[in-house]
Amino acid sequence: MSERKTHGGVGELLFPKRLGVTVEFSSTHSGNAFLPPCETIFLLMPPANEPSRSGSRDIRGLQLHSPRVSLALALGCIVLVFAVYSRSLNFQFVLDDHRFTADPRIQQSGHVWDYFANYVWAQFPGGPPSFYRPVFALWMRISFLLSALSPWGWHLLSIAKHVAVAALLGTLTLRLLRDSTAALLAAALFALHPAQTESVSWVTVPDPLMSAGVLAALLCYLRYLEADVRTGEQTSRRKSRKTHERKTPRRSIAWLAASVAAYFAALLAKETAIIFPAVIVGLDLCLKPTLDSPKGRGRSAIAVTSVSGAFRHVVPFLCVTLLYLAMRFSALGSTLGAATQHLSWTTAMLSWPATLWFYVKVLFWPVRSYSFADPTLVEAFSFRAVALPLLALVGVATILAGALFWAWRKAPRELGADEALGVRTALVAGTLLMVLPLLLTLNLNALNPGDFLHGRYTYLPLAGLMLLLATLFRMAGKTRFFILCAGGALAIAFAALTIVQEKQWKDDATIFTVAHELAPRNGPVARNLADTHVQAALKLDHEGRCSEAVPVFQKVTQDYPQDWYAWAGLGDCYVQLNDLTKAEESLHRAADISRDSRVIEQWQGLRAHMGLSSSVPAN
């Protein structure tokens with residue numbers, strides 16, 4: 001028998017390999033009540049690919065025991081995802097893609113240091129110092145090296161990146177649940193969910209890159225704990241019963257370093273990754289009560305955790321977070337972020353229920369595109385705007401919490417201790433990954449005014465949701481076959497909806513046309529749609545098709561009287577149509593608004609041609 005103590009718990013997690021450790025307490029008592037503080041107990045555990053020894057309960061589940069079958073289905077899922085998104089290979093660059101792909105820092109070598117020293121929009125005069133994402137910029141540089149300015153290549157890399165995130169989610173699910181069917185179901189539903197079209201078809205969205213870092217960090221963290229346990233058993237055998245010190249093994253440190261590095265890369269891809277330390281703490285604290293039950297002493301690798309133990313685990317991640325904040329503070333010009341609007345706390349808090357309800361609909365009811373939406377700002381309490389979405393949130397939360405509580409309680413009764421621990425770990429991790437990123441979206445003063453609701457913000461929460469659904473499937477027992485059939489039907493429905501919704505991302509004109517239909521009261525969307533129409537009309541103007549361009553210019557100048565591009569284009573068309581009086585009026589208005597030297601010169605030249613006296617724009 002061997003004995004070992006630690007200076008804190010290591011978070012009770014599932015390690016799907018045989019550890020071969022026997023147990024002995026330093027106390028003569030065997031009950032939990034007599035365990036000394038910070039005592040860590042490690043027990044024998046079967047590997048992930050061995051069937052459970054808990055009887056027929058595991059046999060009745062639909063398992064894909066054959067690695068070949070699992071591999072074939074996984075490859076089939078990959079092919080399906082590429083097929084669903086294959087249409088996007090012919091799409092153009094859209095929205096911010098144009099600026100990023102034209103950025104000299106992306107196109108030219110020697111700017112890697114600049115990615116880490118400046119904020120995202122530093123290359124543009126007057127660019128807002130709001131985003132610090134150097135790893136995201138580095139990914140765009142790599143994409144440019146591989147694809148240059150070919151939209152086809154960028155879209156192919158975007159699809160591949162999305163598939164990689166789905167594979168990481170499947171790997172995490174398999175590691176926790178030891179159920180290849182559940183893992184494939186989680187990965188497929190995540191990859192095919194219609195809300196993902198925004199993050200895949202818009203190639204410069206950083207959420208997939210950030211999510212890959214977070215999931216990789218979590219996987220490495222689990223491996224760190226596993227290596228810590230396995231090598232800890234070997235070192236404990238070489239120590240006397242009077243010595244309870246334990247050196248951290250090199251292999252364990254390597255996995256911890258990999259987890260910290262992956263988390264740091266995720267932070268440098270997008271700020272949302274800052275929720276990861278909370279996931280680590282939540283896993284330690286939420287799983288500790290399972291040890292208070294006698295069933296917690298089954299054949300599994302477990303640890304008595306405490307607040308001090310949770311803090312010990314999270315310290316490396318907190319140190320990296322502080323380093324990130326210091327780098328961000330320096331790059332953004334002695335600030336951690338710039339406010340994009342200044343809403344009162346009352347308005348922000350009254351708007352939270354409707355904002356969260358929007359994201360609940362994105363997660364659970366993606367029958368329509370949620371890439372754009374009308375703003376949900378609420379300045380005064382009302383039942384419809386505040387109470388109704390709040391009640392809906394409470395209803396959904398109650399149903400979901402009930403299902404998770406059922407799985408939590410059922411796991412130790414239906415499964416062996418090691419499998420039950422994996423199920424509970426998956427429940428906690430999935431809940432935190434789903435909820436915490438959505439809470440960050442409530443910081444409305446950091447989002448785009450009038451246009452702060454987007455389906456892409458659910459990319460990482462969808463990974464958490466699919467992990468939860470896979471866990472519920474794992475615990476479904478005799479109904480697993482029917483649930484699997486329902487999951488397959490849902491995947492087919494998701495694929496069909498994704499094919500329909502991805503059409504929106506064909507080009508800028510299509511995006512804003514559809515977005516205006518989805519969100520007619522969204523001011524920035526309407527403005528961008530007008531700009532798109534102006535660009536199309538200017539193209540008609542250059543082609544000499546002014547009779548088609550004039551109605552477009554007129555409509556834009558009516559809706560947006562301060563749009564000097566539209567006024568200038570309208571004036572140029574009137575010149576071509578030989579309506580010089582209207583041309584002079586339009587160019588005069590464009591010169592007054594823009595104060596642009598080229599417009600002023602064109603206007604004054606027209607006045608001279610018409611025999612009018614020289615003039616200057618109005619102040």
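Is Arg527 buried, exposed or partly exposed? With a relative accessible area of 28%, Arg527 is partly exposed; the model in which this residue is seen is a predicted one. The legends below begin with the whole chain and then turn to close-up views.

**Figure 1. Overview of the predicted chain, built from 24 helices and zero strands.** The chain has 619 residues, of which 52% count as buried. Its accessible surface comes to about 27,600 Å², and carbon and sulfur atoms account for 64% of that area. When contacts between residues at least 6 apart in sequence are considered, 76% of them join residues at least 24 apart. Across the whole structure, a search finds 17 salt bridges.

**Figure 2. The largest nonpolar core, with 112 residues.** Among the residues with the most contacts inside this core are Leu172, Phe190, Val214, Phe276 and Phe317; Leu433 and Met466 also belong to that group. Helix H10 (residues 207–237) supplies the largest share of the core, namely twelve residues. Another core lies apart from it and has 25 residues, including Ala530, Val550, Ala590 and Ile600.

**Figure 3. The surroundings of Phe190, a residue of the largest nonpolar core.** Neighbours within four places in sequence are left aside in this view.

**Figure 4. The salt bridge between Arg456 and Glu198.** The closest N and O atoms of this pair are 2.5 Å apart. Arg456 lies in the loop between helix H16 (417–440) and helix H17 (459–474), whereas Glu198 lies in helix H9 (residues 197–201), so the pair ties together parts that are 258 residues apart in sequence. Arg456 counts as buried because its relative accessibility, 13%, is under 20%. Glu198 is buried as well, with a relative accessible area of 1%.

**Figure 5. The salt bridge between Asp374 and Arg521.** Here the closest N and O atoms are 3.3 Å apart. Asp374 is placed in the loop between helix H14 (345–364) and helix H15 (383–414), and Arg521 in the loop between helix H19 (508–518) and H20; the pair therefore ties together parts that are 147 residues apart in sequence. Asp374 counts as buried at 15% relative accessibility. Arg521, by contrast, is exposed, with a relative accessible area of 64%.

**Figure 6. The salt bridge between Arg527 and Asp563.** A distance of 3.2 Å separates the closest N and O atoms of the two side chains. This pair links distant parts of the chain, 36 residues apart: Arg527 is in helix H20, and Asp563 is in the loop between helix H21 (546–559) and helix H22 (564–576). Arg527 is partly exposed, while Asp563 is buried, with a relative accessible area of 4%. Elsewhere, salt bridges that share partners join Asp103, Arg105 and Asp114 into one network.

**Figure 7. Asp541, a buried residue that has no salt bridge.** Asp541 is found in helix H20 (residues 523–542). Side chains of opposite charge can pair when their charged atoms come close. For Asp541, however, the nearest side chain of opposite charge is that of Arg545, 11 Å away. Not counting residues up to four places away in sequence, Asp541 touches Cys546, Ala549, Gly569, Asp572, Cys573 and Gln576.

Figure 8. Ala515 counts as buried, at 0% relative accessibility. Gln504 is eleven residues away from Ala515 along the chain, and the C-alpha atoms of the two are separated by 8.3 Å.

**Figure 9. A nonpolar patch on the surface, formed by Leu71, Leu75 and Ile78.** Together these residues have about 270 Å² of accessible area. Leu71 lies in helix H2 (residues 67–84). Leu71 is exposed because its relative accessible area, 52%, is over 50%.

Methods:
Residues are numbered from 1 along each chain as its sequence is written. This is a predicted model: local features need pLDDT of at least 70, side-chain atom pairs count only at pLDDT 80 or more; totals for chains, interfaces and linings use all residues. Side-chain values use heavy atoms; hydrogens and water are left out. Patches are made of residues with over 30% relative accessible area and no salt bridge: like charges are joined within 9 Å, nonpolar side chains (Val, Leu, Ile, Met, Phe, Trp, Tyr) within 5 Å. Accessible areas come from the Shrake-Rupley method with a 1.4 Å probe; for residues, only the protein chains shown count as cover. A salt bridge is a side-chain nitrogen of Lys or Arg within 4 Å of a carboxyl oxygen of Asp or Glu. Helices (H or I, at least four residues) and strands (E, at least two) are DSSP runs, numbered from the N terminus. Buried means under 20% relative accessible area, exposed over 50%, partly exposed in between (1.4 Å probe, protein chains only). A nonpolar core is a set of buried Ala, Val, Leu, Ile, Met, Phe, Trp, Tyr and Cys residues joined through side-chain atoms within 4.5 Å. Contact means heavy atoms within 4.5 Å. Lys and Arg count as positive and Asp and Glu as negative; His and the chain ends are not counted.
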